[in-house]
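Please look at the sequence and the model first.

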Amino acid sequence: MAAGIGSWWTRWAWGVATLCVLLPRADAVGQGVIRARDLTDQHIGMAIDVLVEELYRQQDPTRFWDPTNKEIGPKSIGFKEMVGQRPGWTALTVLALLHAGESYQDPRLGPALKYLKNTESNGTYAIAAKTLVWAMLPSDRFHGALQADARRLMNGFLANVEVAEQLAADNTYTDRRIPVRGGWDYRCSAHDWFMPDNSNTQFAALALWMANQRGVATERRIWKILEEHFVATQRDDGGWPYRDWYIPPQSTGSMTTSGLAVLFITQDLLHARDYVDLRSGEDGEQEKAIARGLDWLGTHFSPKQNPGGGHYYYYYMYGVERVGLASGWRRFGKHDWFREGAAQVIQNLCIWDPLAGTMSARRLPPRNPRHSVAHQFGLLFLSRGRVPIAINKLRLGDSTRWNNRPRDVANLTRWISDKTEKALNWQILDIDRPAHEWLSAPLVYLATDEVLPWVDVTIKETDQYVQAWTEWERRPATDIDVDVEEPRRPGGPELEAIKKYLDLGGMILAVKEGTTLRTAKSIERAGRLMYPHYEWRNVERQGWAYTMLFQLPDGKPHLRVLSNGVRDLIILAPSDLSRELQSRPGKRPLVRRVAANIYLYASERNRPRPRLAPHAFRSTVPAQVTHNAVIARAIHGDNWNPEPQALPVFAAWMREHGVAVKIRDVPLSRVHDSRPRADLVLVSGIETHEFTDAERDALRTFVGDGGTVLFETPGGGGDFTLSAERMAAKVFGVRVDPLLRERVVSGRGLPGGHNLTRVEYRPYSFEIFGGVEESLRLRGATIDGRTCLFFSREDISHGLLDQPCWGIHGYAPRWARRLLANIVLHAMTGTDGS
């Protein structure tokens, strides 16, 4: 009899109850194809919107999203078990809509939530889906429902463990290997023919884990049994099957992601303390199982089908998203799982019209339970995967201990998400990845207990390089055009990659793990090698790291900082912050608070860009060059170039608009005779600058010959521009006034000019202004009827980088680009023409 029952369960095998979804044709007539490399966050947002509306369209006024008996098929195998999964379809749909940003207070969801509360079920999927819904809702109204359904899952698990142990003791399974005793099958309550599978088990485990995160106590014994189950049932190839006692069991993508998802949960709940103290030696069985599972996924990952399984595609993609977010890996093998998966999901479920730029939902066969969850799981994949990356954890290479505390950044990100009520993700970043991947998060986290391998230089060698570079940088202006090679920076390409990221607007939180001081010293040496003109200093007790959101008036833990005068580049924690981040927070989570403050500073108070939002740094649209411009960055004795990548990023953006910009670094005292002649001279600085006689004379000559000059204070926090205004008033005998009607403001008469009569400022500027400000605050001076001197006390340079950062007083990125573009176009076209 046992064999017979196993046989029809095998034939039935409807996976996750309703989750077997046949893929629609990808080459449907009339559908434009959005290739993965061309996919943007705008496409993702459009797809989410149409899928949300499609789900509301499918809603029944009484059954909501649950199928009728007729739709399930009364004569189908497993009919009773499928009926028992009600109201799971509705719960899964509500869950997807909530993740897509829909409010539980929406009138279209209110009745469905009431239905979920009032409808009992014994189906594991249904109870688990309801639990996941309650975990997303306010605890004051839904915590009781969350506790009740979580307790039903736990009670069912423990009761069925007893059943499995009794069956094993009675030797009931005579014709196959005895199943591992832990898990869930389709019926949550205890029953004699308990046959757990990895799909039900994963879904229930995810629900219990979310309940645990919301304060519901879960029994440690359950997690230990689950871990034993998945370690024991992993196949030799590293994957997992639906049931380990199928003959032969076959690894599939959907079940491998199930095994990995549960093992990442047990790593979090059972083993967090195992990593608090730095250790060496061989990994445990659970770690080895995770590594083998990730290897299997890296080898077999496909964005188009469930590898090894054929069906259950959308459930598989949901599992991919779960593992991708839990592990932090951006790629499985060579595949960017979200970019490639999202492109395929959108192609399957949506119809894209590239000519109209519109998207609509693909209509699947009506009310067929085999299809009725495609939109739900597709929406979950897009919505959860789209969540911004808050922190990139830097992978320093296989030879360096970069992941001593595997859950440090995951725990920190989750904690920040809970405290700020904003969904955030994290991911692992390989140090050899291109710069635009570094910029996918506002903060990079570097932690190790070793000396940085690519900073293998002594303190003496570092000092020698700093001295040589300083002498080169301060060479006389008459030698600037002479071919004098810049001193070669010690260190490998890794150091250059870090500097490129920092110059493009990034920020690093570097953590010294363990007790040795060598790690912190190597990090400080790396900073000196990259920025020999800046000095490390201690963070002040009233600095933003201790006051941004969470107040830490004692100035602890101790921090060091390297700044370029506009913003902080590297925050160094000489103490072992990752130790506390690895474990659960105590009553006074000091380290989490300071780390959160650092993230909030880097993200401009929690304003990270969505996962696939493009960065201005990437020039991807070729354009025919219609104009050429030369911008000279003026070299002077103060901090003249704190943001060295600002103009190159701007030049890439201008190239997309048909203007080729050439950038030259020219001494301020020689701007009048440099060749090729500059259309615009950009003079930047932070603090008050005393202009030399040679600099004044050069400016007078350059302007007299028809040149245009922009003075700017990067960051908007110093008095450099104010000192330039005073100098100009004396040297040129002119008034510096606000610009109100000039063409650099209106854009009229400028080829491709922008209307700047209303602009946007950075969030920090509102604190400086004391309210909302929309008028352009650019100032200027007119000489002989031509506006040729421009003064910006507000930041432009950092805005050009298109990166978030708190404390920047100036123009929002797109307005900074437009403002500088108008000034360049004005300089190129000569007279005002207004």
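Q: Which residue's side chain meets the side chain of E53 in a salt bridge?
A: In this predicted model, the side chain of E53 comes within salt-bridge reach of an arginine, with 3.6 Å from N to O. The pair links distant parts of the chain, E53 being in helix α2 (residues 41-58) and its partner in the loop between α5 (88-99) and α6 (110-118). They are 55 residues apart, and the partner is R108.

Q: Is E53 buried, partly exposed or exposed?
A: The relative accessible area of E53 is 44%. Buried requires a value under 20% and exposed a value over 50%. E53 is therefore partly exposed.

Q: With which residue does R108 form a salt bridge at 3.3 Å between the closest N and O atoms?
A: R108 is partly exposed, at 34% relative accessibility. Its partner at 3.3 Å counts as buried, with 17% relative accessibility. That residue is D106.

Q: How many residues apart in sequence are the parts that E120 and R152 tie together?
A: The closest N and O atoms of the E120 and R152 salt bridge are 3.1 Å apart. E120 lies in the loop between α6 and α7 (124-134), whereas R152 belongs to helix α8 (residues 139-169). The pair therefore ties together parts at a sequence separation of 32 residues.

Q: Which residues do salt bridges with shared partners join into one network?
A: Side chains of opposite charge can pair when their charged atoms come close. A search of the whole structure finds 46 salt bridges. Those that share partners join into one network R330, R331, D336, R433 and E437.

Q: Which residue's backbone oxygen does the side chain of S440 reach?
A: S440 is in the loop between α17 (435-438) and β7 (443-448). Its side chain reaches a backbone oxygen at 2.6 Å. That oxygen belongs to E437.

Q: Is S440 buried or exposed?
A: Leaving aside residues up to four places away in sequence, S440 touches R330, I389, N392 and Q427. Its relative accessibility is 9%, and the limit for buried is under 20%. S440 therefore counts as buried.

Q: What percentage of the residues in the chain is buried?
A: The chain has 30 helices and 18 strands. It exposes about 33,400 Å², of which carbon and sulfur atoms supply 49%. Of its 834 residues, the buried share is 61%.

Terms used:
Residues numbered from 1 in each chain as written. Predicted model: local features only at pLDDT ≥ 70, side-chain atom pairs only at ≥ 80, totals over all residues. Heavy atoms only, no water. Helix = DSSP H or I, 4+ residues; strand = E, 2+ residues; numbered from the N terminus. Buried < 20%, exposed > 50% of the residue type's maximum accessible area, 1.4 Å probe, protein only. Polar contact = N/O pair within 3.5 Å; in protein donor to acceptor, adjacent residues only side chain to side chain. Contact = heavy atoms within 4.5 Å. Areas by Shrake-Rupley, 256 points an atom, 1.4 Å probe, with all protein chains shown as cover. Salt bridge = Lys/Arg side-chain N within 4 Å of Asp/Glu carboxyl O.
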